[in-house]
Amino acid sequence: MDDFAIARVVHVIAIIAWIGGVAFVTLVIMPMLTASEWPNSRLARFAQIEGGFAWAGPRLGTAGRSERVLDGLVRRSLEPVFRG
């Protein structure tokens, strides 16, 4: 498997994780809060739930930036101008 294919696989996995997180919040967390919490306490409860996932933000953000750098380097190495 060449570098471009590896970068593409990492990119697709990152997109799936991102969309999965958005879907989880939209389809599970928000309806749960709407059905079970008083309107004035929903935001506080959402912040509490979100805080449980706060550890993932910096780690996944770093992985995303690393993936973009790797993708950029691979794309540059494939262009004839940069092959030297």
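Val25, Ile29, Met30, Met32, Leu33 and Thr34 in helix H1 meet Arg42, Arg45, Phe46 and Ile49 in helix H2. The model is predicted. Its chain holds 3 helices and 0 strands. Along the sequence the pattern reads α-α-α. Of the 84 residues in the chain, 11% are buried.

**Helix H1**

- H1 covers residues 3-36, which is 34 residues.
- From the first C-alpha of H1 to the last, the reach is 48 Å. That is close to the 50 Å expected at 1.5 Å a residue.
- H1 has a kink of about 30 degrees. The kink is centred on valine 25, and Val25 is also among the H1 residues that meet H2.
- Ala7, Ile29 and Leu33 are buried in H1. Ile29 and Leu33 also take part in the contacts with H2.

**How H1 and H2 pack**

- H2 spans residues 42-51.
- The axes of H1 and H2 lie 10 Å apart. The angle between the two helices is about 140 degrees.
- On the H2 side, the contacts with H1 include Arg42 and Arg45, along with Phe46 and Ile49.

**Arginine 68 and helix H3**

- H3 runs over residues 56-78, and arginine 68 sits in it.
- Arginine 68 has a relative accessibility of 53%. The cut-off for exposed is over 50%, so arginine 68 counts as exposed.
- Arginine 68 and alanine 7 are 61 residues apart in sequence. Their C-alpha atoms are 8.5 Å apart in space.
- Ala7 belongs to H1 and is buried, whereas arginine 68 is exposed.

**Aspartate 2, ahead of H1**

- Aspartate 2 lies in the segment before H1.
- The relative accessible area of aspartate 2 is 48%. Buried means under 20% and exposed means over 50%, so aspartate 2 is partly exposed.
- Aspartate 2 and valine 74 are 72 residues apart along the chain. A distance of 9.7 Å separates their C-alpha atoms.

Definitions and conventions. Residues are numbered from 1 along each chain as its sequence is written. This is a predicted model: local features need pLDDT of at least 70, side-chain atom pairs count only at pLDDT 80 or more; totals for chains, interfaces and linings use all residues. Side-chain values use heavy atoms; hydrogens and water are left out. Helices (H or I, at least four residues) and strands (E, at least two) are DSSP runs, numbered from the N terminus. Buried means under 20% relative accessible area, exposed over 50%, partly exposed in between (1.4 Å probe, protein chains only). The expected span of a helix is 1.5 Å times one less than its number of residues. The bend at a residue is the angle between axes fitted to the seven residues ending there and the seven starting there. Axes are lines fitted to C-alpha atoms, for helices over the stretch in contact, and angles run from 0 to 180 degrees between N-to-C directions. Contact means heavy atoms within 4.5 Å.
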